Structure formats: structure tokens, C-alpha cells
Amino acid sequence: MLHLVGNKNNEHEKVVMTTDADSGLTAIIAIHNTQLGPAVGGCRMFPYAQDDDALEDALRLSRGMTYKSALAGLPFGGGKSVIIGDPRRDKTPALLRAMGEFVNSLAGHYCIAEDSGTSPADMRVIAETTPHVTGIEKTCREDPSPATALGVFLGLKAGVKQAFGHDTLTGRTVAIQGLGHVGYHLAGYLSAAGAKVFASDINAENLLRAEKDFGIEPVAPEKILHHTCDILAPCAMGAILNEDSIAKLRTQVIAGAANNQLATDADDDRLKARNIIYCPDFAINAGGIVDIYQQQQNASQETRALAIQRIGQNVADILERAQGMKLGAQQIAVAVAEEKLNACTQNERVYQWAGNP
Ligand code: NAD
């Protein structure tokens, strides 16, 4: 069932792929780094055109998870899984149970959670065949998306403060791409804070819901990235910031939940050259995983809220360092995360794993 697949640059600790003819499952799990703890990361289900695209996604997303947990000070490593398939057509209980068996084959070194294309309900099915489902042991575990949205909101305010000298949102214009689990709640926070929210979604129902609940102004999906606004909040897919799209941006701040927003490292410099403040994705979108960890620790509501508040400060520190050193914010965020990982290497490795389950 298990076979190794390519691991570009040999940077990841383990990358495995499985196919299961009975259930139709084809999936990849990438474990990037377990320096700080067992790898934790969501499971994305998407109809990738080619296996290579799925592999690329798993490699990039798992690296982001290492950095996200390191920056947020969590005792987790970085991992991610992808299921190749259309969640609306191919997802069955048998497929999810086969995914659970795949996760189980890694003996706890990878812990799965929901992501785009999978839900908390799917995780409960996966938990029938593996105990390594993040936070599932708590029957009352909440959807992490509102916590992610709150972290994004606080990080966005840090970006606004750097751009405009104060973080008041009254009258500021924000363009949100994607009104799903995170984008919807972000629209709510922004509207409550007095911002004027423009938004797009390819799903008409999601757009209507946010229009009805928060009075957002709809924008066509193909226009949202270039809508004139103070803040652009990408909350849908990754790699939307590239040479072409960056040249056409009409915003001063980028602050959104989507993972891997930059198509390449060079896009960090492109944003810097255009004087656009970029709040690095893995720093600003850590609210969900921070809250999952706090729930695992049985933390009080107050402690949970304080933990998410720190995301705003983390983003502010990164932006300040980036400005002071005249470097791109993503570059600084990676350097800070790697500093944390290296500090751990130099002292004592927190989590021991020889690499084979
Ligand atoms: P979701 O699938 O619930 O929502 C995404 C929304 O974007 C959907 O409503 C979809 O219709 C819409 N969309 C897709 N393509 C679009 C396009 N081209 N234009 C406009 N809308 C489009 O996902 P989510 O949980 O809200 O997560 C959003 C992003 O944030 C993802 O990249 C995810 O990986 C990332 N993220 C989510 C969490 C979380 O807690 N849910 C945590 C960290 C990062």
C-alpha cells in the first residue's frame, strides 16, 4: 500500500503515496519536519489534473505547516495530506476510512485535520480507522475557521497600522477573495469594525449569505484581485500572487488566510518593490491550529483568546523587521521560523523520530 514518491530538494523527512483500488483513494502524505513535535496538518481534497500537482501542493503546504507551528510557538511539526479527487463526487465513507488507514500507517508521526475539501464530519469518519486525528478526542471540538478568521483580522490590523500609521478600520476598503469557512467570518469581523467589504466567491450561495448577513458588496471573481482597495484578503486558493497579478494589484496591504499565496519566492520581492505590505500567510493564518492546541490543553476561553491575540503581535514584529531591514516580509517570516527550529536543534530535539514508522 505504501510507496515513496519524489521529494524535491530532499527537504522533507518523509513523503508517501497510496492508492486503494477498493475505495478509489489516491493520496499523498508529506511530513516536512518533526523537530518540534509530530507533524500536524490538514487534509486537502481536490481534483488535481496530475499527480505532480498534488505532490507539489503537499510539499509546499507541509513546509508552511512547519513554519506556522514554529512561529506560533506550538509543539507540532509540519505535515499535510492531499486526496486526489473531487470532494463533491468522489468522497465516500470507504474512501475516508482508507485515508484513516493510510494515516495510521505512519504511527502517529502525522496527525490529520480538516482543510479545503474535507470537514470536521469527514474527520470523524477517518477517526474510525486511526486515532491520529487532531483534537478529535474532544467530542466538542469546534470548527477552527472562526479562530483562523480572528487571527487574520488581528494580523490585518497590524498590516494596516504599518501602512497607514493607525489600525482603525472605519472607512477602510477590503476586498476578500473567497467567502468560505474563513472568509465569511473575516467579513463579519471587518463589517463590525466599520470597514467597507467587497468580496467574491465562485459559489453563489456563499456570496449571498455574506451579502445578507454583513452587507458585503459582490465583485466578479475575475476582478477581485485587482479591485481598488486598502486591503486585499485572499481567502480561497494559493499561488494567486504572481508576476502577472502583482503588477495589476491596486491595494496597499495583503492580509488573508489562504495558504501559499506567493507563487514563487521572487513574488515577495515584487510586492516589496511595489511597496505593498504583505502579511505572510503562515504567520497570519495560524489561529485555527493555535486554538486546536489550546482546546487539547483544556484551556479556558480567556487563555484561548490570548493565544490568538499573539498572532497580531507576531505579524506586527515580522512587518517591523522587514521594514527595518528593507526585505520582503515572507523572507523575514521564514528566517524567524528557521531561527526557532535551529534553536531547537542546537539545544535538544523536542521530538525524536528516526524517520520510519
Ligand atoms: P473553504 O473551502 O471553506 O472556502 C474557500 C472559498 O473560496 C469557497 O467558498 C470557494 O467557493 C471560494 N473560491 C474558490 N476559488 C475561488 C475563486 N477563484 N474566486 C473566489 N472564490 C473562490 O476554505 P476555508 O477553510 O475558508 O480556507 C480558505 C483558505 O485559507 C484555504 O487556502 C485554506 O487552506 C486556508 N486556511 C484555512 C484555515 C481554516 O481554519 N479553515 C486555516 C489556515 C489556512
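Which loop holds Asn 285? Asn 285 lies in the loop between helix H10 (281-284) and H11.

## Basis of the model

This is a predicted model, in which local features need pLDDT of at least 70 and side-chain atom pairs count only at pLDDT 80 or more, while totals for chains, interfaces and linings use all residues. Residues are numbered from 1 along each chain as its sequence is written, and side-chain values use heavy atoms, with hydrogens and water left out.

Helices (H or I, at least four residues) and strands (E, at least two) are DSSP runs, numbered from the N terminus. Two strands pair if DSSP finds at least two bridges between them.

## The sheet

An open sheet of 6 strands runs in the order E9-E8-E7-E10-E11-E12, with parallel pairing. Strand E9 (217-218) and strand E12 (277-278) are at the edges with a single partner strand each, so one side of each has no neighbour in the sheet.

Strand E7 (residues 173-177) pairs with E10 in the parallel sense over 4 bridges, and Gln 177 stands opposite Pro 234 in E10. E10 is joined to strand E11 (residues 253-254) by 2 bridges, again parallel; here Ile 231 has Val 253 in E11 as its bridge partner. E11 in turn pairs with E12 in the parallel sense over 2 bridges, and the bridge partner of Val 253 in E12 is Ile 277.

## Strand E10 and its crossover

Strand E10 covers residues 231-234. Ile 231 and Ala 233 point one way from the strand, Leu 232 and Pro 234 point the other way, and all are buried (under 20% relative accessible area; exposed is over 50% and partly exposed in between, with a 1.4 Å probe and protein chains only).

E10, helix H8 (residues 243-248) and E11 form a right-handed β-α-β unit. Right-handed means that, with the strands pointing away from the viewer, the path from the first strand over the helix to the second runs clockwise.

## The ligand site

The ligand has 24 residues around it, of which Thr 148, His 181, Asp 201, Asn 206 and Ala 236 come nearest. A residue counts as near if one of its heavy atoms lies within 4 Å. By class, the shell holds 8 nonpolar, 12 polar and 4 charged residues. In this scheme Ala, Val, Leu, Ile, Met, Phe, Trp, Tyr, Cys and Pro are nonpolar, Asp, Glu, Lys and Arg are charged, and the others, Gly among them, are polar.

Polar contacts are pairs of N or O atoms within 3.5 Å; within protein, one must be able to donate a hydrogen and the other to accept it, and residues adjacent in sequence count only if both atoms are side-chain atoms. A nitrogen atom of the ligand is 3.2 Å from a polar side-chain atom of Ser 145. An N or O atom in the side chain of Asn 206 lies 2.8 Å from an oxygen atom of the ligand, and a polar backbone atom of Ala 257 lies 3.2 Å from an oxygen atom of the ligand. Taken alone, the ligand exposes 820 Å², and the protein buries 81% of that (Shrake-Rupley method, 1.4 Å probe; for residues, only the protein chains shown count as cover). The elements giving two or more residues to the shell are helix H5 (145-164) and helix H6 (181-192).

## Buried asparagines

Asn 285 is buried, at a relative accessible area of 5%. Its side chain makes a polar contact of 2.9 Å with the side chain of Asn 259.

Asn 33 belongs to strand E3 (residues 25-33) and counts as buried at 14% relative accessibility. A polar atom of the Asn 33 side chain lies 2.7 Å from the backbone nitrogen of Gln 35.

Two residues other than glycine have positive phi: Asn 260, near 50 degrees, and Lys 326, near 55 degrees. Asn 260 is in the loop between E11 and helix H9 (266-273) and is buried, with a relative accessible area of 17%. Lys 326 is in the loop between helix H12 (301-325) and helix H13 (329-346) and is exposed, with a relative accessible area of 66%.

Ile 292 sits in helix H11 (residues 287-296) and is buried at 7% relative accessible area. The C-alpha atoms of Ile 292 and Ala 147 are 9.1 Å from each other, with the two residues 145 residues apart along the chain.
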